[in-house]
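Visitor: I have a structure open and would like to go through a few of its residues. Could you guide me?

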Amino acid sequence: QVQLVEFGGGLVQAGGSLRLSCEASGRTHNPYTMAWARQAPGKEREFVAHIRWSGGSTYYADSAKGRFTISRDIAKNTVYLQMNSLKPEDTAVYYCAANTRTIQLRDYDSWGQGTQVTVSS
């Protein structure tokens, strides 16, 4: 496993932007994949974006395509989620996740504590 700490949540008006950051530490080698997921009250957790650490290939949920961008800074062991054109339905706790065992876009074994994103209408 790896330790993950998220930064950057907050309150923003609809149409605005936020950038979330997630710093990874505690391992001698990098994770294989990382992701951002979110969970709104009363709803199931939803993965919004994934990135392969090696190569940087990205994958998005339909709800995020065209508005969110996931990226990573290898030197800083940090993954980002740039969120533009935010909507009230994007309101949720956003979690960073890492898969330190396989390159699969699932079975994430490390999770951050979460950061609240609230989009007002």
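Visitor: Is E6 buried or exposed, and which side chain of opposite charge is nearest?
Guide: E6 is buried and has no salt bridge; R45, the nearest side chain of opposite charge, is 10 Å away. Buried means under 20% relative accessible area, exposed over 50%, and partly exposed in between, with a 1.4 Å probe and protein chains only. A salt bridge is a side-chain nitrogen of Lys or Arg within 4 Å of a carboxyl oxygen of Asp or Glu; Lys and Arg count as positive and Asp and Glu as negative, while His and the chain ends are not counted. This is a predicted model, in which local features need pLDDT of at least 70, side-chain atom pairs count only at pLDDT 80 or more, and totals for chains, interfaces and linings use all residues. Residues are numbered from 1 along each chain as its sequence is written, and side-chain values use heavy atoms, with hydrogens and water left out.

Visitor: Which backbone nitrogen does the side chain of E6 reach at 2.7 Å?
Guide: That of C96. A polar atom of the E6 side chain also lies 2.8 Å from the backbone nitrogen of G114.

Visitor: C96, then. Which residue does a disulfide join to it?
Guide: C22, with an S to S distance of 2.1 Å; a disulfide here is a pair of cysteine sulfur atoms within 2.5 Å. By this rule the count comes to 1 disulfide. The pair links distant parts of the chain, with C22 in strand β3 and C96 in strand β9, 74 residues apart. Strands (E, at least two residues) and helices (H or I, at least four) are DSSP runs numbered from the N terminus.

Visitor: Why is the disulfide left-handed?
Guide: The torsion about the S-S bond of C22 and C96 is about -80 degrees, so the disulfide is left-handed. Both cysteines, C22 and C96, are buried.

Visitor: Changing topic: how many residues has the largest nonpolar core?
Guide: The largest nonpolar core has 27 residues, and M34, W36, L81, M83 and Y94 have the most contacts inside it. Such a core is a set of buried Ala, Val, Leu, Ile, Met, Phe, Trp, Tyr and Cys residues joined through side-chain atoms within 4.5 Å.

Visitor: And where is S85 found?
Guide: S85 is in the loop between β8 and β9. S85 is partly exposed, with a relative accessible area of 42%. Leaving aside neighbours within four places in sequence, S85 is in contact (heavy atoms within 4.5 Å) with G15, G16, S17, R67 and D90.

Technical notes:
Polar contact = N/O pair within 3.5 Å; in protein donor to acceptor, adjacent residues only side chain to side chain.
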